[in-house]
Amino acid sequence: MVVLRGATMGTTWSVIYQDVDGVAAESVQGELEAELIAINDVLAMYIAESEISRLNAAQSDVRVVLSERFASVLDEALALGRLTGGAYDVTVGPLVELWGFGARDFSGAVPSTEALQGALARVGADQLAWMPDTRVLEKPAGMRIDLSSIAKGYAVDRLSDLLADRGVVNSLVEIGGELRARGQRPEGGPWRLAVESPDPAQSRFVDALSISSAAVATSGDYRNYFEVDGRRYSHLVDPRTGFPVTHELVSVTVVSSSCMTADALATALIVMGLEAGMALAETEGIAAHFVTRDGEVLVHDADPPLAG
């Protein structure tokens, strides 16, 4: 068994895989790190010269041909935005900033109605003109695209694919808690992945999943939030209303064949809330694991199955 680790995207990454003859771990580490650097050069908003940062810095309307990496992630993000009725929207950045969950610190006061309306005017993926066949994007001035809710999943997929290309059959790739498994554990049997509990006063984990070839991503509102006058405000902002979500749903775990898809869907489903989220999972056959604020665990089983 080979274990590799590193840092990326403001978090850590790790890879576990069954050794393959003729594939040196040092070579694999270098290849994975090079791929992560290439992804960050496109999608990292904290890098001033990345492709996405340069696009967002434009002071006027822009029409640009995106790189293949950028286009692949944006195309999936926009499709999921349509699927979720706008609950997932990669232009939500102005609202996230306004509520103090971006680069700007929270001011200590709930934003005014005028400020919310001003931010909402700059949110809405329907204001983008996207032509996937030519990778041409038209973006109005003042709008920003933020792919941080899907980029880690994309990176997990890319690292998993690179390992497969090197002949690695059994592997587990993780970046910041988002995972993708292939094959089996080196010692045999499916990979066992724990679903973290949103309540630190209770047990650390609420469930475990057994998977062989699938990706898993979780989104929750229990780590990043603030309180004003006894009311809790989550970092998960609903782009349709401009307000942080306040419902009883505290975490969603999604299992999919693609970590990029699972990453974005986990965010979308928790923004939608329990009733709407489970309805979408049922309609679209999404394997999803919902945890409510009172500790109740609700599972919608789909293909790939959620196995305990």
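The exercises below concern strand pairing and salt bridges in a predicted model.

**Exercise 1.** Which strands pair with strand 6, and in which sense?

Solution.
- Step 1. Strand 2 (residues 11-17) pairs with strand 6 in the antiparallel sense, over five bridges. Within this pairing, Trp13 stands opposite Ile175.
- Step 2. Strand 7 (residues 178-182) is also antiparallel to strand 6, again over five bridges. Here Ile175 faces Glu178.
- Step 3. Two residues separate strands 6 and 7 in a hairpin, and Gly176 in the turn has a positive phi of about 55 degrees.

**Exercise 2.** Decide whether the residues on the two faces of strand 6 are buried or exposed.

Solution.
- Step 1. One side carries Ser171, Val173 and Ile175, and the other carries Leu172 and Glu174.
- Step 2. These residues are all buried, so that both faces are covered.

**Exercise 3.** Find what the salt bridge between Arg166 and Glu31 ties together.

Solution.
- Step 1. The two side chains meet at 2.6 Å, N to O.
- Step 2. Arg166 lies in the loop between helix 6 (148-165) and strand 6, and Glu31 in helix 1 (residues 25-43), so the pair links parts 135 residues apart in sequence.

**Exercise 4.** Classify Arg182 and Asp161 as buried, partly exposed or exposed, and place their salt bridge.

Solution.
- Step 1. The side chains of Arg182 and Asp161 form a salt bridge of 2.5 Å, N to O.
- Step 2. Arg182 lies in strand 7 and Asp161 in helix 6, so the bridge ties together parts 21 residues apart in sequence.
- Step 3. Buried means under 20% relative accessible area. Arg182, at 19%, is therefore buried, whereas Asp161, at 25%, is partly exposed.
- Step 4. Shared partners join Asp157, Asp161, Arg180 and Arg182 into one salt-bridge network.

Notes:
Residues numbered from 1 in each chain as written. Predicted model: local features only at pLDDT ≥ 70, side-chain atom pairs only at ≥ 80, totals over all residues. Heavy atoms only, no water. Buried < 20%, exposed > 50% of the residue type's maximum accessible area, 1.4 Å probe, protein only. Helix = DSSP H or I, 4+ residues; strand = E, 2+ residues; numbered from the N terminus. Pairing = 2+ DSSP bridges. Salt bridge = Lys/Arg side-chain N within 4 Å of Asp/Glu carboxyl O.
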